[in-house]
Amino acid sequence: MSDVIHLLPDSVANQIAAGEVIQRPASVLKELVENAIDAGAGFIQVVVKDAGRTLIQVTDDGKGMSETDARMAFERHATSKIKDAQDLFSIRTMGFRGEALASIAAVAQVELRSRREEDELGTFVEIAGSRVFKQESVQCAKGTTFMVKNLFFNVPARRRFLKSDSVEKNHLFNEFYRIVLVHPDVEFSFFDGDEEVYHLPASNLKVRIDQVFGNVKRKLNQQLLSIETETNLVNVKGFIGRPEFAQKTAPQYFFVNGRYMRHPYFHKAVMLAYNQLIQSTENPSYFIYFEVDPQTIDINIHPTKTEIKFENEQALWSILSATVKEALGKFNVVPSIDFDREGVPDIPLHRESEIISPPKTIFNPSYNPFGTSNYKRPQMEWESLYTGFENEKSKPEKFDENSYEAPESQVIQSKMNIEEEVTGGIYFQLKNRYIITSVKSGMLIIDQRRAHIRILFDQFMQEMQLKKGFSQQLLFPETWQLMPEDLLFFEQIKTDLHYVGFDFEKEESGSYKIKGIPAQIKGTESVIPLLSQMIEKVKTATGDAVAVIQERVALSLAVTAALPAGGQSLNNDEMTRLVEQLFACQAHNHTPDGKPVMSILTQEEIQKRFQ
Ligand code: ADP
Ligand code: MG
């Protein structure tokens, strides 16, 4: 038999590659405008027709291309931006893969006009489906114009896959915003057909945000608080919305080194800072810009992906969280017991070779109460809290800070706070429901069930983040027959449920066998009502779906597993542990659904009663 393997022609290879990079008109806009930015343009004009289906045109006044470069630009892996693999780790340009133009030219009809300042004549190239039809000299302005016509003219399946005009336009605008918000010093114009829908003169960032998202009635820039933090790991700059202007939907943007990114985990940090300041259905605006050493991030995951991996994610989380809180003056706004925090987190400034000590965080990926290979369990019996305090024998264990290998532990920090503040660690339980102790300013009253809900909620969230929970196997597995219409919703939470310790096995009949449940839940009652309740909550989840769903799952679990509403007697050790764990939670003042966990009867109030 003869050999069967052969190389694909370039046109086919490019078309395959295009499937990755060019998914819709908005992808073309992104690639072309990014190229214009990389070419040092001061003015960029975008024109789209029919939501980009028939035309996407981008004109810039940047450095232009030579005759040879104009032709080379369409070759795959042709780029002027990096030379060797080493450059991959210090990327400062938007592009670097050298595959965008090749991909676009594989699936559209492209005309390029480009001239460098030093050349008298520019170059015209016409290329369609990877075939060059024409290349000649032309008179044209300095800079570059790309016209991309009839996208996917040769890939009918792709064309059919495009959504309605309004959806595609939305994508176009979103890509446009992601770029203009990083380059306020560049002038932009956006034509939808004959209508200029955006004209954004060069300005500063605050004005640029207003140009894009403000309107006559609402000046967005008056609603923004500026943030700025410089540390040796990261510089965080930008603007966040004042809580009183939060809305159902609000623009929320993260950028890193001038590149838009999605980052659900950092989003969480911002949202937590607004916790209690806005309603749970509202969203604050934010425009947050990170600058980090390019060596510490991986932007290379996928050409069209906007997720970015950070080396120091947890420290950044803490810095971001502290930055946002500081701007919100949250330490004053939210009731807090009088720990001497002096309002402002301590952020070290450019200290060489020193690990940043992050403020308390809820999700500490390096902290795992259940133990991993490089982690020694703290002396304290965390689990005894979960099991409903049955373990009467548990001894009060002194914290041994040396037993931690993880550099930072929430528990250590909370311990310090408490030792400073809660005098003597002596607790008194009232009516089997409240824990009372003395603090600097008076008498601290903690609702024990709510405290426990907060602790468990944070733990469940953490387990989902860590993808590792602690499961207890059921002696008698339960069989769960899901309604067909609930299956889809169950699929959405199945993985997270697995992370917190649920163990399911699908049976041939289509029902599920529940073999294990989270360690925190008492195994004596059926968990099916709880699971059904979670599915109901997932059905109504909107917004940032994954985060919302995780929160709902965690809250349902926490409410179920927490100390009973009817009260339960606790001994001093148990109270001590509960209080310590509570203060290890960042948002220890409130339950996840916003109910107060603690209250202080101040000395003045007490004095008044005796007058
Ligand atoms: P990349 O941006 O990853 O380098 P592209 O396929 O987007 O790859 O572009 C290939 C090359 O074409 C770029 O490296 C650049 O040299 C050149 N180029 C593309 N667009 C422009 C432009 N608007 N002005 C000047 N040069 C451009
Ligand atoms: Mg490019």
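Student: What joins strand 18 to strand 22, and how do these two strands run?

Tutor: Five bridges join strand 18 to strand 22, and the strands run antiparallel. A pair requires at least two bridges found by DSSP, so the five bridges qualify these strands as paired. The model is predicted: local features need pLDDT of at least 70 and side-chain atom pairs count only at pLDDT 80 or more, whereas totals for chains, interfaces and linings use all residues. Residues are numbered from 1 along each chain as its sequence is written, chains are lettered from A and ligands numbered from 1 in the order written, and side-chain values use heavy atoms, leaving out hydrogens and water.

Student: Why are strand 16 and strand 22 called edge strands?

Tutor: The open sheet of four strands has the order 16-17-18-22, with antiparallel pairing. Strand 16 (428–430) and strand 22 (598–602) each pair on one side only, and these are its edge strands. Strands are DSSP runs of E of at least two residues, and helices are runs of H or I of at least four, both numbered from the N terminus. Neighbouring strands of this sheet are turned by 30° against each other on average, with direction ignored.

Student: How do you know that strand 17 and strand 18 pair, and what joins them?

Tutor: Residues 434–439 (strand 17) and residues 442–447 (strand 18) share six bridges in the antiparallel sense. T437 has L444 in strand 18 as its bridge partner. A hairpin of two residues joins strand 17 to strand 18.

Student: What makes helix 13 a helix that packs on this sheet?

Tutor: Helix 13 (residues 448–466) touches strand 16, strand 17 and strand 18. Contact means heavy atoms within 4.5 Å. The direction of helix 13 makes about 65° with that of strand 18. Such angles run from 0 to 180 degrees between N-to-C directions of lines fitted to C-alpha atoms, for helices over the stretch in contact. Helix 17 (residues 572–584) lies across strand 16, strand 17, strand 18 and strand 22, at about 90° to strand 18.

Student: What order and what pairing does the open sheet of eight strands have?

Tutor: The order is 5-4-3-6-2-1-7-8, and the pairing is mixed. Within that sheet, strand 1 (residues 43–49) and strand 7 (residues 187–192) run parallel and are joined by six bridges, whereas strand 4 (residues 122–128) and strand 5 (residues 131–138) pair in the antiparallel sense over seven bridges. In the hairpin of strand 4 and strand 5, G129 takes a positive phi near 55°.

Student: How much of the accessible area of ligand 1 does the protein cover?

Tutor: Of the 530 Å² that ligand 1 has on its own, the protein covers 93%. Accessible areas come from the Shrake-Rupley method with a 1.4 Å probe. Helix 2 (25–38), helix 4 (100–107) and strand 6 (143–149) each supply at least two residues of the shell around ligand 1.
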